[in-house]
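The sequence and the model come first.

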Amino acid sequence: MKELSPPQPPAGLPHHRLCLAADVEHYSRLDTRTQSAVQSELVRMLDEAAALTGLDRATWKRQPQGDLEFAVLPEATPEDAVLGPFVHHLAVRLRDRNARPAAQRVRLRMAVDTGVIADAALGHAGPAPVAVARYVNAVQLKAVLAALTAADLAVIVSDRLYQDVVRSGRPDLDPEQYVRAHVRVKEFGGYGWIHVPGTTPDDVRSAVAEAPEPKPSPDAEVSSQSPLSQYVHQGAAVGRDVVGGLTIGLPVCPPAAGSGPAR
């Protein structure tokens with residue numbers, strides 16, 4: 001009797017995954033030849049850090065973007081392994097690489113979050129990819145690297161990962177090494193926790209405190225007056241960036257002016 005394989009979920013169906021983005025600091029200042037070399041070395045260092053952690057990078061859904069790699073990790077990936085050993089091994093790989101004579105220094109910002117995601121026509125859709133993209137570009141994360149010139153890696157994790165994983169008592173994670181920051185990028189707003197391997201949290205805290213205050217989005221007033229929704233149509237997310245759940249089906253429309261509560 002032929003053994004039946006389990007049914008595969010339809011393409012574009014939302015699921016819960018761990019998402020990660022690694023971005024090279026000041027990449028645009030490099031010449032074309034150096035940019036190409038840095039891209040290759042970024043991939044190599046991510047591969048090595050994953051292998052040393054026991055993670056199979058071949059199973060990651062990777063979306064290269066030049067100076068940045070966005071990745072969706074497979075189901076059941078241990079979140080504490082990513083936040084602990086993987087970050088540690090990546091920091092060591094960066095330190096060793098930057099210690100080479102005449103090497104063009106590479107410094108990274110990294111963001112990690114977990115949440116709803118769906119495959120889409122141009123990559124991925126859902127709140128988790130949006131959040132990771134906003135976290136990795138947080139002004140506080142950039143300010144930390146600018147202030148702590150000896151650091152090669154600055155990591156920010158979402159508040160949900162900090163509360164659920166970092167604070168859970170795992171041996172490789174120390175909650176005291178993370179500093180909270182209120183991140184506001186475009187229409188995204190939320191708390192993240194910044195960790196810089198090899199740097200004291202007091203130094204990180206000082207750098208975060210000196211970061212410029214994020215400017216509100218020009219659409220902030222509009223978005224606060226009407227509910228935003230995001231939905232999937234033929235595998236692609238439609239609607240504006242949101243934080244929270246992903247609605248499958250028709251977008252939510254604002255109630256008509258003067259209408260009373262639904263009964």
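## Helix packing and cores

Helix α4 passes α6 in a right-handed crossing. The model is a predicted one. In it, α4 and α6 pack with their axes 8 Å apart, at an angle of about 120°. The two helices are therefore oblique to each other, since 65 to 115 degrees counts as roughly perpendicular and angles over 145 as roughly antiparallel. On the α4 side the contact is made by Q140, A143, V144 and A147, and on the α6 side by V204, A207 and V208.

Helix α4 covers residues 139-147, and its buried residues are Q140, L141, A143, V144 and L145. These buried residues pack against α6 (201-209), and also against β4, α3 (127-136), β6, β7 (179-185) and β8 (188-195).

Strand β1 runs over residues 15-24. Is β1 enclosed by the rest of the structure or open? Eight of its ten residues are buried, so the strand is largely enclosed. The cut-off behind this is a relative accessible area under 20%.

Strand β1 pairs with β4 (residues 108-120) in the antiparallel sense, over ten bridges. Within this pairing, V24 has L108 of β4 as its bridge partner. Strand β1 also pairs with β3 (residues 68-72), again in the antiparallel sense, here over five bridges. In that case A22 is bridged to E69 of β3.

**Nonpolar cores**

The largest nonpolar core has 37 residues, and the residues with the most contacts inside it are F86, L90, M110, L153 and V157. Two or more residues of this core come from each of β1, α1 (32-53), α2 (79-98), β4, β6 (153-158) and α5 (159-164). Helix α2 gives the largest share, seven residues.

What does L90 touch, residues up to four places away in sequence not counted? The residues are M45, L46, A49, L108, M110 and L153. Of these, M110 and L153 are also listed among the residues with the most contacts inside the largest core.

A second, separate core has 30 residues, including V72, I117, V144 and A207. V144 and A207 also take part in the contact between α4 and α6.

**Single residues**

R97 lies in helix α2. With a relative accessibility of 6%, R97 counts as buried. Apart from neighbours within four places in sequence, R97 is in contact with E41, R44, M45, A103, Q104, R105 and V106. M45 is also touched by L90.

Two residues other than glycine have positive phi values: H26, at about 55°, and A102, near 65°. Both are in loops, H26 between β1 and α1 and A102 between α2 and β4. H26 is partly exposed, whereas A102 is exposed.

| Residue | Phi | Loop | Relative accessibility |
|---|---|---|---|
| H26 | about 55° | between β1 and α1 | 40% |

Note on methods. Residues are numbered from 1 along each chain as its sequence is written. This is a predicted model: local features need pLDDT of at least 70, side-chain atom pairs count only at pLDDT 80 or more; totals for chains, interfaces and linings use all residues. Side-chain values use heavy atoms; hydrogens and water are left out. Buried means under 20% relative accessible area, exposed over 50%, partly exposed in between (1.4 Å probe, protein chains only). Helices (H or I, at least four residues) and strands (E, at least two) are DSSP runs, numbered from the N terminus. Two strands pair if DSSP finds at least two bridges between them. A nonpolar core is a set of buried Ala, Val, Leu, Ile, Met, Phe, Trp, Tyr and Cys residues joined through side-chain atoms within 4.5 Å. Contact means heavy atoms within 4.5 Å. Axes are lines fitted to C-alpha atoms, for helices over the stretch in contact, and angles run from 0 to 180 degrees between N-to-C directions. Angles under 35 degrees count as roughly parallel, over 145 as roughly antiparallel, 65 to 115 as roughly perpendicular and the rest as oblique. A crossing is left-handed if the near helix is turned anticlockwise from the far one by less than a right angle, and right-handed if clockwise.
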